[in-house]
Amino acid sequence: MESEPVNLDEFQELARKILLKMNYDFFSGGAEDQYTLNENIKAFRRILFRPRVLIDVSKIDMSTSLLGFKMASPIMVAPTGALKLANHEGEVAVARAAAACNTIMVLSFASHCTIEEVALSCDAIRFYQLYVWKQRDVCMKLVKRAESNGYKALVLTADMPRLGRREAGIKNKFVMPKFANLEGLLSVNVKSKGGSDLEAIATATLDDSLSWKDIEWLRSITKLPILLKGILTAEDARKAVEAGVAGIIVSNHGARQLDYVPASISALEEVVRAVSGAVPIILDGGIRRGTDVFKALALGANAVMIGRPIIYGLAAKGEYGVRRVIEMLQNELELTMTLNGCPGSKDITRNHVGKGENGRKLSEGKEEKKLSIEWEDYINYP
């Protein structure tokens, strides 16, 4: 009898053994040399804690809210598509697990379950991820379906005018199953000439003319708040606020688009500084421990999104596996808060983290109160 996984790495190993190689490669792989894929995780390891002691941590409150919606913890479910390749229940199982953990799930545009099926699966707060197609009427219909089925926000993914070069998919001649929500709306019967079908579909259908002016267009067709996903620079963060978005998701698309961009956590503080609290900021990419969640919050994120670990939990143990992945992170975050002397999420500050051995000690030659405001020292952090 196999033992129960005790961390997210063990869930990934179970998923690797269970999934077809082509499908595991699709979920786990990144772009080109996969430098950023590895950095997304390694960058967290260069951040160390500066714990405070003799603080009453007998009661820990991880709860938070985003856009006015309450969550048990600042851990959300990122949009990940094609989940029936991992488990026959697909996105419905993930939705139920997220609801059981009192968190928000973002349904992927590439879902194998329809907007309606996921909405009927359980009572919970959900957001919907949107890509903009060359046929704009398709976007409008998807937005209206999301609105009428009770989705509370749109997550516009902005970093994919074309598909990144994912070489595992090319080698495997990956065939993407049909997107349930595009049935009857958009023809995706496009075949690659020897490579990945997904790349051919993206090139044929995605609107690569999408620009900042189109945020205004999207706002004109919906009353739902819009979060912009794929921001990595201060310049784009300021433009996003000016465009009227309700939130920013710092993300490099799971390192699946442009290789050699910074790890998401490395770009976080630059965006936080630029936004100055105007809108909430969510960190997406590389979270594998509750300690990672704490570090993201300390560097200014209001919440984090979990992508691949959700898929691995789903592949390994279905809905129960997804629930265990979220609960593991919540339990680890609670312990990390306790040992850092932070009884509540709002008690987590910039002063609770510092660089590791290869970086300058943040406390050296500075008064502690100045740590969080000497921006020039940290702009390339970590």
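This briefing walks through some annotated residues, a few strands and helices, and the nonpolar cores of the structure above. The model is predicted, so to speak of local features takes a pLDDT of at least 70 and side-chain atom pairs count only at pLDDT 80 or more, while totals for chains, interfaces and linings use all residues. Residues are numbered from 1 along each chain as its sequence is written, and side-chain values use heavy atoms, with hydrogens and water left out.

**Annotated positions**

- An unreviewed UniProt entry puts the feature "binding site" at Y131, R166, H253 and R256. UniProt positions follow the numbering used here, feature names are shortened, and annotations may be inferred rather than shown by experiment.
- Y131 sits in the loop between β6 (126–130) and α6 (136–148). Helices (H or I, at least four residues) and strands (E, at least two) are DSSP runs, numbered from the N terminus.
- Y131 counts as buried because its relative accessibility is 4%. Buried means under 20% relative accessible area, exposed means over 50%, and partly exposed is in between (1.4 Å probe, protein chains only).
- Not counting residues up to four places away in sequence, Y131 touches F109, C139, T157, M160, L206 and H253. Contact here means heavy atoms within 4.5 Å.
- R256 is found in the loop between β9 (247–251) and α11 (264–275), and at 12% relative accessibility R256 is buried too.
- Setting aside neighbours within four places in sequence, the contacts of R256 include R166, R308, G164 and F26.
- The R256 side chain also reaches the backbone oxygen of G29 at 3.1 Å. That is a polar contact: a pair of N or O atoms within 3.5 Å, where, within protein, one must be able to donate a hydrogen and the other to accept it, and residues adjacent in sequence count only if both atoms are side-chain atoms.

**Helix α2**

- Helix α2 (residues 21–28) has 6 of its 8 residues buried, so it is largely enclosed by the rest of the structure.
- Those buried residues are N23, Y24, D25, F26, F27 and S28.

**Strand β11 and its partners**

- In strand β11 (residues 303–306), A303 and M305 point one way, V304 and I306 point the other, and all are buried.
- Strand β4 (residues 75–77) pairs with β11 in the parallel sense over 3 bridges; two strands pair if DSSP finds at least two bridges between them. V77 stands opposite I306 in β11.
- Strand β10 (residues 281–284) also runs parallel to β11, joined by 3 bridges, and L283 has V304 as its bridge partner in β11.
- From β10 the chain crosses through helix α12 (residues 290–298) to β11, a right-handed β-α-β crossover. Right-handed means that, with the strands pointing away from the viewer, the path from the first strand over the helix to the second runs clockwise.

**T103**

- T103 lies in the loop between α4 (90–100) and β5 (105–107) and is buried, at a relative accessible area of 5%.
- A polar atom of the T103 side chain lies 2.3 Å from the backbone oxygen of I75.

**Nonpolar cores**

- The largest nonpolar core has 110 residues, of which Y128, W133, I248, I265 and L283 touch the most other members. Such a core is a set of buried Ala, Val, Leu, Ile, Met, Phe, Trp, Tyr and Cys residues joined through side-chain atoms within 4.5 Å.
- Helix α13 (residues 308–340) gives the most to this core, with 13 residues.
- Apart from this core lies another, of 14 residues, including M71, M76, A78 and I249.
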